[in-house]
Amino acid sequence: MATQTRSNSGRRNTLEQTFGLQQPWAQEVVRVLLAKLGQADDAPLDPVAQGFARWRTWAGLCVDFSALPKNLQPLNRWARSWNLTLSSPPNAAKLLFALQTYFALVVKWMTWHAVFRRLNCQGGDRVEVAERSPDFSTHEAFESLENGQEYCELGIANWPREDLFSWYLAAWDQSLQEALERLAQQVRKFWSGRPISVPGTDYFKNLYHALVPSPLRHSLGEFYTPGWLAQWVLQQAAPEFFGTDETDQQDEDLLHTRVLDPACGSGTFLVKVLAQLLRVGKRVGVSPARLLQTAAQSVVGWDVNPLAVLAARANWVLNLLELFPGDGGKVEVPIFWTDPVQLVTVHKELRESRFGTLSTPWGPCRVPPMLLHPETLAHHCLVAQKHLAQHHHAAQFAQACRAWQGSPAAPPSELQALQTWYEDLQQLREQGAGGLVPEMIREFLVPLTQGQFDLVVGNPPWVNWEHVNGEYRNTLRKLRAHYLLNYRPSGRPPRLGAVKGDFSALMIYAVADRWLKHGGKLAFVVPQSLFKAAGAGAGFRRFRIAQTLEEEVPLQVVRVDDLIRLRPFAGAANRTAVLVLEKGTPTQYPVPYTLWHKPARVQVNHQENLQEVESSTHREQWWAQPADPHDPTSAWITAPAAALRGLQKLLGCGPYRAHAGVCTWLNGAYWVEVESRQGNLWRVRNLTQGTKVSVPSTTTVVEADCLFPLIRGKDVRRWNSRHSAWILIPYDPQNPQRAYPPEELQTRWPKTFAYLKHLEKWLAARSGYRQLLARRREPFYALMDLGPYSFAPWKVLWREQARGMVACVVGPQEGKPVLPDHKLMLIPCSGPLEAHFLCACLNSTPCQAVVLSYAVNVQMGPHVLERLRMPKFNPRFPVHLHLATCSKLAHLHASYGLDPSEMHEEVDRYAAHVWNLTPKELEQLQELVNLEVFASRH
């Protein structure tokens, strides 16, 4: 049966239809913009080339250009489908810049035309004459589009006068004029006969998704929040304002409630708040002027992405356009281009020293404390703008600030601080930041002057800490340490690669600390791994904001929604959750945990509204609590209330320790297939197909002493495995703490040494070798995750990436111990009976229930065993022997291609005895596992 969706063509976004690349004129606009960028390649002083360089540098704050796809074939195919020709070799960054410039032009022209109409409704004859003029789309008109004069007339004080996407004015010619005139014509047609504003509408989100090819969006992590999900988040954070019940008191309270989205994207959350604010304002009779000022003070958004800020500003204006008086009154659109996480660092530095240092792509900018006053910030930035344009000295600037409003003589330290700030602005300008540096710095600093908020909502960036830009990561390292996000209960530092914290965790703590009121609520769309990841999430799960060494502010987890099975983000399989926190109250466990399900073969369309999504899905009330009752930072277990009681009996510490398999960082060098054998000399060929790093394909002879059977993740099934390759291990199985020294390896196994020497360049370049093993002075062929356990003859293995436990037993093959790769976890065993006993326990339903309740199915690492109260095998216990026998029979069935599932019932019965489960508790755990397995298939 085909996958069902509840969308239809009549509900498609008309903006997407009108301005998408299926339109030939839109293709022409992008084609001309790409051509202009291409022509600037050989002219580095050309203003177009400078514009591209400035965009690339500023955009580097939020775009990891190293993440752009290296395989450009999908981009080429995408471009050809829209009649676009990419340069050779294709430049993904320039394609992205051209598409974003086109998107920015649509946003600007759509908003500008709407502003024209609003002014015209108020009797602006000049606007009507201008719109009818045959020269409306000339170069002068587009300059007017960029300078923002009409916005000033409407009363908008801070529409940008120059931005990263106005570079096209410097490339103006006849072809560009003709292309952009068609764009202007389409905007006029789009607005013709339409209402000037539809509150609650994010006009531009779907258009951006349609314009930017998925290979680019996926590599950059650009997934905007569906409207229905934003509405749900608001309802859970503040049901008194966004729920179904409405009272006069609640209406009045909303008018005094401040809402912030610190990573607002195109403004999806904000327009939902604005729509409710407009409804309330009209219902209680608030004047348009007061309602507009209320929105400007109370519905605030920030983002580090300049294109997102442009779209969010436009959405904010379009949603409130009917309120703008156009009578000379001024309002500042409260959407700012900034990085709130870095600003927390600046704010903390200002409390400790004379300056806070703001990091920019062109260097540091030292910020003096007097700029934290909003009027002072606005004034001094305006004065700096004028003085920089006239190339005045820092002393002249400081004196001009001193004379402001007839202020008395400023202390020398304050004048010196202003001069230092001005000199930094001069330096940034000289380094290529552009002529509006003070205005950009003002935008970045405005949030520090905006006070605290009652409600913080949004969808912060989901970026693994290890993928954050290196220089930026260093800037925030102290802040991450301040909030104890690297916290580990053991106190031991994590091994290399063990902690992969998420940037969203840092944003949650930073924003809650600096901008959330005591008693206020924060509701974010977050990765579910924050609750389930073992080591990396421990610091986040403290739910306490460190203020000083002695003082902490608690955070209460109000609820969590698990949306993994809904896949709410179009084209992405993100593990999505919604978290609601309240500041000032400790978390009490268990906490409500709502699990969302959808019927099989039904897709949740991102354009649906909340009522449609709720009617086609169902929700189960589960509960969450730490897996270790003595460690509140441990990974959560989640289950229905009835199943939690049975799970408690399985949680705890056991005598067994698990390990990861062999990590090579270069499988193509160590993994081989055997072509022939002659005594101790075997002819082998290294396996290079499908490896991440290519190495030369080599066929050679090596000594068999260093070869061991290899089992890879794909080779393991429940109750079954097979070794499909061999692995070269230059270690002594009796003492595998360090690799054989080069002299010994060359003397005793010269052919193996010669093979490894042939690949030395690739082996020495391995990331793990450079970061860790080289510092230990290990030879270039050394490996990770090797120990006596690796060479144990009998082992239990399970797959790291699986839904639940997928375990099997392996014993010696061809007289050698089998070694698993790093995608497999292992427990060394004393013999086959112990191995089969452990395997039966791990594959049993009670164990499956524990694992499914707290582990992430792509992170079934050694930590799984740390929370499982696995009993020590005792051959004198009949139950233990019965379980070992069940495992042997299941392996025998699987080896003959028979279904081993008939053994599961008996395994569960004996496993229940191991953990003292009642029949009812076993039944509840079985229901939990069946539900999880069923849901994972749909």
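## A first look around this predicted model

Q547 touches H482, D513, E552 and V553, leaving aside residues up to four places away in sequence; touching, or contact, means heavy atoms within 4.5 Å. This is a predicted model, in which local features need pLDDT of at least 70 and side-chain atom pairs count only at pLDDT 80 or more, while totals for chains, interfaces and linings use all residues. Residues are numbered from 1 along each chain as its sequence is written, and side-chain values use heavy atoms, with hydrogens and water left out. The protein chain has 37 helices and 27 strands; helices (H or I, at least four residues) and strands (E, at least two) are DSSP runs, numbered from the N terminus.

**The chain as a whole**

- Of the 938 residues in the protein chain, 56% are buried, where buried means under 20% relative accessible area, exposed over 50%, and partly exposed in between (1.4 Å probe, protein chains only).
- Among contacts in the protein chain with a separation of 6 or more, 75% join residues 24 or more positions apart.
- The protein chain exposes about 38500 Å², and carbon and sulfur atoms supply 50% of that area; accessible areas come from the Shrake-Rupley method with a 1.4 Å probe, and for residues only the protein chains shown count as cover.

**Around Q547 and strand β10**

- Q547 sits in the loop between β9 (544-546) and β10 (552-562).
- With 28% relative accessibility, Q547 counts as partly exposed.
- Q547 and H482 are 65 residues apart in sequence, yet their C-alpha atoms are 8.3 Å apart in space.
- β9 and β10 form a hairpin with five residues between them, and the two pair in the antiparallel sense over three bridges; two strands pair if DSSP finds at least two bridges between them.
- With strand β12 (residues 591-597), β10 pairs in the parallel sense over three bridges.
- D561 has V578 as its bridge partner in β11, and D561 also stands opposite T594 in β12.
- β10 is mostly covered, with eight of its eleven residues buried.

**The second largest pocket**

- About 1100 Å³ of space lies in the second largest pocket; grid points are joined across faces, edges and corners, and a volume is the space filled by probe spheres set on the points.
- On a 1 Å grid over the protein atoms alone, a pocket is an open set of points where a 1.4 Å probe fits, with protein on both sides within 12 Å along at least five of seven lines, and lining residues have an atom within 4 Å of a point.
- The second largest pocket has 44 lining residues, and N158, E332, F336, E439 and R442 lie nearest its centre.
- Elements that each supply at least two residues of this lining include α8 (149-154), β4 (335-337), α19 (374-389) and α22 (437-445).
- α19 gives the largest share of the lining, eight residues.
- By class, the lining has 24 nonpolar, ten polar and ten charged residues; Ala, Val, Leu, Ile, Met, Phe, Trp, Tyr, Cys and Pro count as nonpolar, Asp, Glu, Lys and Arg as charged, and the others, Gly among them, as polar.

- Six strands form an open sheet with mixed pairing, in the order β19-β18-β17-β23-β20-β26.
- β19 (699-703) and β26 (819-820) stand at the edges of that sheet with a single partner strand each, so one side of each is left without a neighbour in the sheet.
- Strand β18 (residues 681-686) and β19 run antiparallel and are joined by five bridges, with V684 opposite T700 in β19.
- Another open sheet has four strands in the order β16-β27-β24-β25, with antiparallel pairing; its edge strands, β16 (659-660) and β25 (807-810), each pair on one side only.
- β16 and strand β27 (residues 824-829) pair in the antiparallel sense over two bridges, and H659 has L826 as its bridge partner in β27.

- P741 lies in the loop between β23 (725-728) and α29 (742-748), and its 36% relative accessibility makes P741 partly exposed.
- P741 and Y781 are 40 residues apart in sequence and 10.0 Å apart in space, C-alpha to C-alpha.
- In helix α36 (residues 904-914), the buried residues are V907, D908, Y910, A911, A912 and V914.
- Just after α36, N916 takes a positive phi of about 55°.
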